[in-house]
Amino acid sequence: MTIPLRAPHDIAAPGIGGVGESTLRPDGTLKVKGEFAYTSDLWMDGMLWGATLRSPHPRARIVSIDTAPALAHPGVHAVLTHEDVPGRKHYGVDLTWDQPVLAIGEVRHQGEPIALVAADHPETARRALDKIAIEWEILEPLTDARRAALDPSYPQVQDRPNPARHQPVRVGDVEAVRGQAEVVVSGTYEVGIQDQAFLGPESGLAVPGEDGGVELYVATQWMHNDLKQIGPCLGLPEDRIRMTLSGVGGAFGGREDLSMQIHAAMLALHTGRPIKMVYNRYESFFGHVHRHPAQMRYEYGASKDGKILYADVEIILDGGAYTSSTLNVIGNAASLGVGPYVIPNVKIDAYGVYTNNPPCGAMRGFGAVQACFAYESILDKLGEACGLDPVTIRQTNAAAQGSALATGQIIHAPLPMKEMLAQARDLPMPAPLDSTDLRNLPGGASQTTHGEGVRRGVGYGVGIKNLCFSEGYDDYSTAKVRLEVIGGAATALVHTAAAEVGQGLVTIEAQIARTELGIENVVIHPADNQVGDAGSSSASRQSYMTGGAVQAACRAVRDRVLELVNATYDDVSLAGGKVVSASGGVIAAIEDVLGDRAIEETREYHHQPTTGMDKVTGQGDTHAQLGLCVHRAVVDVDVDLGLVKVVELAAVQDVGKILNRLSLEGQIHGGTAQGLGLAVMEEIVVSDGKVRNPSFTDYLIPTILDMPPMRLEILENADPRAPYGLRGAGEPPTLSSTPAIVAAIRDATGLALHRVPVRPEHITG
């Protein structure tokens with residue numbers, strides 16, 4: 001008889017490598033030893049090398065272009081321009097279709113691709129680029145983001161009206177209560193352009209297929225979104241483009257937009273040969289989008305006891321020449337513009353604009369980072385004006401479960417913010433400065449100081465970040481799970497298109513499969529487009545979305561296994577590779593149940609629906625999930641030289657459910673490090689639309705010597721809507737670490753510090 005099935009939720013036996021264990025990453029050892037194969041390591045016999053000619057000007061008209069000298073160069077097999085694009089000539093990550101595959105008539109930012117070369121050696125390709133003759137009419141670049149947002153007379157970039165998006169948020173009546181405030185503080189805040197600075201440059205391999213299609217081996221964050229753009233531009237149906245994820249050397253949002261994918265495929269189809277493209281570091285700075293720079297104005301009014309009555313906010317984000325993710329970044333900046341605080345009257349105007357500055361798009365934190373620096377900074381200013389310490393002013397206005405965000409959305413999951421702030425405050429402080437060891441001083445072993453003029457400061461930051469896709473997007477992921485007996489052991493094959501970009505997703509997929517199927521042997525299929533869409537590896541969503549899809553597919557497989565058991569038991573489950581009864585008795589080994597059968601199930605997982613933001617009021621249930629992190633920073637500052645040493649960073653974060661503590665701690669450490677970089681060192685310096693520091697010599701990122709010890713307090717307040725109750729964890733630490741560090745520098749120096757990154761001259765005056 002068929003067993004009446006319940007919906008078992010058994011967790012795999014300890015030691016099997018299931019959910020909750022710190023299972024080691026299968027790629028970890030290879031990466032540490034330098035043996036992991038990245039896209040830049042790909043090789044195929046007979047391949048050619050592709051290279052891209054890029055504009056040296058931020059804005060100019062192409063009067064003429066002569067490719068004949070390059071084509072005549074020995075070893076060159078092809079030189080292509082926009083006239084050779086076989087299909088649609090524009091693409092866009094959000095399907096805005098405004099970015100040319102190759103420049104058409106006018107370039108709108110420095111580094112814009114103009115022409116492609118394929119040659120039998122990379123140096124030959126680069127020399128051929130120098131032979132392409134272009135006559136330019138140089139135009140004055142449009143670089144003033146504020147004027148682009150607010151001045152209707154400011155010229156337009158690419159015939160698209162500014163702003164690209166203006167998103168208001170209106171709650172209550174700010175003007176009506178403005179006069180009631182007993183304390184009013186205001187400030188203007190700026191965030192420079194931060195780069196994702198992933199270590200693996202853009203690269204990949206395109207191989208022409210016998211059917212006229214193409215195979216692409218690339219590093220990306222979202223294969224199916226790439227496919228939607230690549231197909232029309234190549235003039236090919238999607239089923240003739242076969243994409244396989246190759247080794248990804250970091251991403252952080254910078255691989256959501258296309259880079260070399262269409263270019264390599266065009267050259268492969270034109271020459272009939274495999275094409276390899278690898279950017280050098282200089283080109284990489286122009287080959288992907290960056291974090292939007294921001295100009296922000298904040299005014300808060302409050303009662304004497306620190307209770308905020310109103311917030312009046314203006315946020316301007318510079319998206320550069322093309323749309324990329326700007327529309328959605330503005331949605332995040334607007335909806336989270338006053339953070340996790342209860343404010344009864346709110347006026348926010350968030351603008352995203354086009355300029356001839358470098359294109360900007362997705363980066364870890366996605367619009368919420370910029371707003372967080374401003375709202376945390378103004379909150380410290382308000383606390384000081386009210387005579388309240390940084391923790392108390394935040395606790396006084398803290399949101400909680402049941403509170404409403406500025407968009408009117410009710411926070412459905414636990415949000416113990418007051419308690420988290422207290423935990424951060426009460427953690428032990430680091431030991432006093434030991435000036436006898438120069439490595440402990442600002443400036444380190446360079447011996448710039450022996451402790452003179454060094455002051456210690458402490459600061460706090462709180463960041464709230466939306467997790468998963470928002471604003472009505474039908475966010476989903478697909479997983480296929482196959483269970484069969486291989487070599488005498490039950491083995492599961494998990495197949496998704498989700499991109500492993502260094503965050504440890506392949507480890508989590510295997511842990512979920514072990515938990516749900518109760519077996520140890522799990523194989524992760526290489527990610528490709530031969531299975532349904534998994535969405536982007538961004539928005540801290542893959543553990544939630546692809547994890548949910550793998551869980552659902554495994555449960556469907558499990559149910560079919562249990563249906564095969566012919567017994568009279570009314571409650572059975574899988575554990576330790578056995579079918580067991582409710583009493584723990586073994587009924588059968590899974591291998592015996594399966595025999596020579598293979599059971600395969602595919603499932604999609606969707607999170608609960610969200611809505612768009614009202615175009616006038618900004619109201620709506622825009623987010624599926626929210627993540628919160630609290631940081632306490634301790635810094636030592638040499639006030640004479642303007643040097644900063646971050647002594648310690650403590651983080652308190654609620655993750656809902658720990659799936660893999662080791663990986664989770666790595667995410668918090670990594671996110672915090674990027675926030676540290678934005679606070680004190682990372683900035684793409686742009687002057688008149690031109691990037692002045694496109695190298696790791698001049699664009700500085702934190703090293704192991706810059707990253708201080710961390711104290712972590714990880715909370716588990718389950719989100720009832722999420723698989724296992726988990727909460728995405730990768731982005732919130734990036735938000736809160738930056739304002740915490742800057743607040744600590746303010747505490748040490750007494751300076752206002754309204755801009756990040758903080759430079760030595762900001763401290764010394």
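1. P757 lies in the loop between strand 31 (755-756) and helix 18 (760-764), where helices (H or I, at least four residues) and strands (E, at least two) are DSSP runs numbered from the N terminus. A cis peptide bond joins V756 and P757, with omega at about 0°. Another cis peptide bond joins N162 and P163, with omega at about -5°, and P163 is found in the loop between helix 4 (145-150) and strand 9. As background, most residues other than glycine have a negative phi, and most peptide bonds are trans.

2. This is a predicted model, in which local features need pLDDT of at least 70 and side-chain atom pairs count only at pLDDT 80 or more, while totals for chains, interfaces and linings use all residues. Residues are numbered from 1 along each chain as its sequence is written, and side-chain values use heavy atoms, with hydrogens and water left out.

3. The protein chain averages a pLDDT of 95, and 98% of the residues score at least 70; pLDDT is the predictor's confidence in each residue, from 0 to 100. Confidence is lowest in strand 22 (residues 572-575), at a mean of 85, and highest in strand 16 (residues 308-318), at 99. Over residues 1-12 the pLDDT stays under 50, and for these residues the model has 27 contacts beyond four places in sequence, a contact being heavy atoms within 4.5 Å.

4. F366 is placed in the loop between strand 17 and helix 10 and counts as buried at 19% relative accessibility, since buried means under 20% relative accessible area, exposed over 50%, and partly exposed in between (1.4 Å probe, protein chains only). C468 lies in the loop between strand 18 and strand 19 (476-486), and C468 is buried too, with a relative accessible area of 2%.

5. The largest nonpolar core has 91 residues, and those with the most contacts inside it include Y298, Y300, I315, L382 and I745; such a core is a set of buried Ala, Val, Leu, Ile, Met, Phe, Trp, Tyr and Cys residues joined through side-chain atoms within 4.5 Å. Helix 10 (residues 368-386) gives the most to this core, with eleven residues. Apart from this core lies another, of 45 residues, among them L216, M260, M266 and A534.

6. Eight of the ten residues of helix 9 (residues 326-335) are buried, so helix 9 is largely enclosed by the rest of the structure. Its buried residues pack against strand 9 (165-171), strand 16, strand 17 (345-353), helix 10 and strand 18 (454-467).

7. Helix 10 and helix 11 pack at an angle of about 105°, with their axes 9 Å apart; axes are lines fitted to C-alpha atoms, for helices over the stretch in contact, and angles run from 0 to 180 degrees between N-to-C directions. That makes helix 10 roughly perpendicular to helix 11, because angles of 65 to 115 degrees count as roughly perpendicular, under 35 as roughly parallel, over 145 as roughly antiparallel and the rest as oblique. The contact is made by E376, L379, D380, L382 and G383 of helix 10 and P390, I393 and R394 of helix 11.

8. The axes of helix 11 (residues 390-397) and helix 12 (residues 417-426) come within 9 Å and cross at roughly 170°, which makes helix 11 roughly antiparallel to helix 12. V391, R394 and Q395 of helix 11 meet M417, K418, L421, A422 and R425 of helix 12 in this contact.
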